[in-house]
Amino acid sequence: TVPTTVTAQINQKTTTTSPKSDRTFTALIDQLPTEVTVDLVHQGEKQSIDYSANAPIGHVQATDTATGDVSHPGSYTQSQYDVFGVPTKVHVDLQGSQDIKYTANGNIPTASFNTKTLTDNVLQQQVTAVAHQIPKSIHVTNVTTADNQAITYNADSNLGDVNLGMYDKSEAGDETNLVAKAISIPTHIGFTMTKSTGVYDFAANQGIGLIQASLTRNGGSIIPHAGDHATVLKQGNKLGLDFQLSGFKSAHFDGHQKTDVSLGLDPGGQS
């Protein structure tokens, strides 16, 4: 009869086939409305969630930990989601961390996402994000191979701001780190990376109000600078890239045989 706080845990274990696996889901709901309907469909890495309620929720947290082989407990994928101010209707489709579709009947003030994959307790991949003023509709894809990574983002309205972190460890042991912050995010963004050639491309459908980012590869170092800038430091196979730009719309970086950088700014004209 009154809003309440709820915690839950679900365990799924495969014991009759080899390898034996384990998956654990947890949830925290603060200010659960008095009438709620949730439908969760789970098939392998695919998940579909439908939610409706008679009032918004203050805070929701969910975790998903999947261990493909319980004889290797240090090899697993774990994701965590936090949302503050949940609308009354939400639909989410998940394909691991590779494809995320979200639709709702209202904007969300704050949301965060974290997913990581470990092999024998060694971090292989990680993506973290915190965003404010979330659009009603979002579609994110993250396609990763041994040599390439492609991320796309589409939404129905501009996003207030976002903080993003990405880590990737290749089969050869190379490490790539990206830390970025952006304000006033447009409705379409694409980012691609080719590790073997050191080529990075970014494109949006309009200029981002302000973006700050640094990227390192193979333990590279960055050259910081005040104001709008782009700096590159390449030492052997070590790479460091740092920039801050107003109206940032596109970028191309190629550090394979020579350093080649191009930028697109909207409206442009700044120093």
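The legends below describe several close-up views of one predicted model. Residues are numbered from 1 along each chain as its sequence is written, and side-chain values use heavy atoms, with hydrogens and water left out. Because the model is predicted, local features need pLDDT of at least 70 and side-chain atom pairs count only at pLDDT 80 or more, whereas totals for chains, interfaces and linings use all residues.

View 1. Ala204 lies in strand 16, which covers residues 199-217; strands here are DSSP runs of E with at least two residues, numbered from the N terminus. Ala204 counts as buried because its relative accessibility is 11%, where buried means under 20% relative accessible area, exposed means over 50%, and partly exposed lies in between (1.4 Å probe, protein chains only). Leaving aside neighbours within four places in sequence, Ala204 is in contact with Pro186, His188, Ile189 and Lys249, a contact being heavy atoms within 4.5 Å. Ile189 is 15 residues from Ala204 along the chain, yet the C-alpha atoms of the two are separated by 4.4 Å.

**View 2. Phe202 and the largest nonpolar core.** The largest nonpolar core has 46 residues, and those with the most contacts inside it are Ile185, Phe202, Ile208 and Phe248. Such a core is a set of buried Ala, Val, Leu, Ile, Met, Phe, Trp, Tyr and Cys residues joined through side-chain atoms within 4.5 Å. When residues up to four places away in sequence are not counted, Phe202 touches Ile189, Gly190, Phe191, Ile208, Phe248, Lys249, Ser250 and Ala251. In soluble globular proteins, nonpolar side chains tend to be buried together.

**View 3. The salt bridge between Asp168 and Lys195.** The side chains of Asp168 and Lys195 meet in a salt bridge at 2.2 Å, N to O. Asp168 lies in strand 13 (residues 159-169) and Lys195 in the loop between strand 15 (188-194) and strand 16, so the pair ties together parts that are 27 residues apart in sequence. Both Asp168 and Lys195 are buried. The structure holds 4 salt bridges, each defined as a side-chain nitrogen of Lys or Arg within 4 Å of a carboxyl oxygen of Asp or Glu.

View 4. Lys13 and Asp22 join their side chains in a salt bridge of 2.6 Å, N to O; Lys13 is exposed, with a relative accessible area of 59%, whereas Asp22 is buried at 15%. Lys169 and Glu175 form a salt bridge of 3.8 Å, N to O, in which Lys169 is partly exposed at 25% and Glu175 is partly exposed at 33%.

Terms used: Helices (H or I, at least four residues) and strands (E, at least two) are DSSP runs, numbered from the N terminus.
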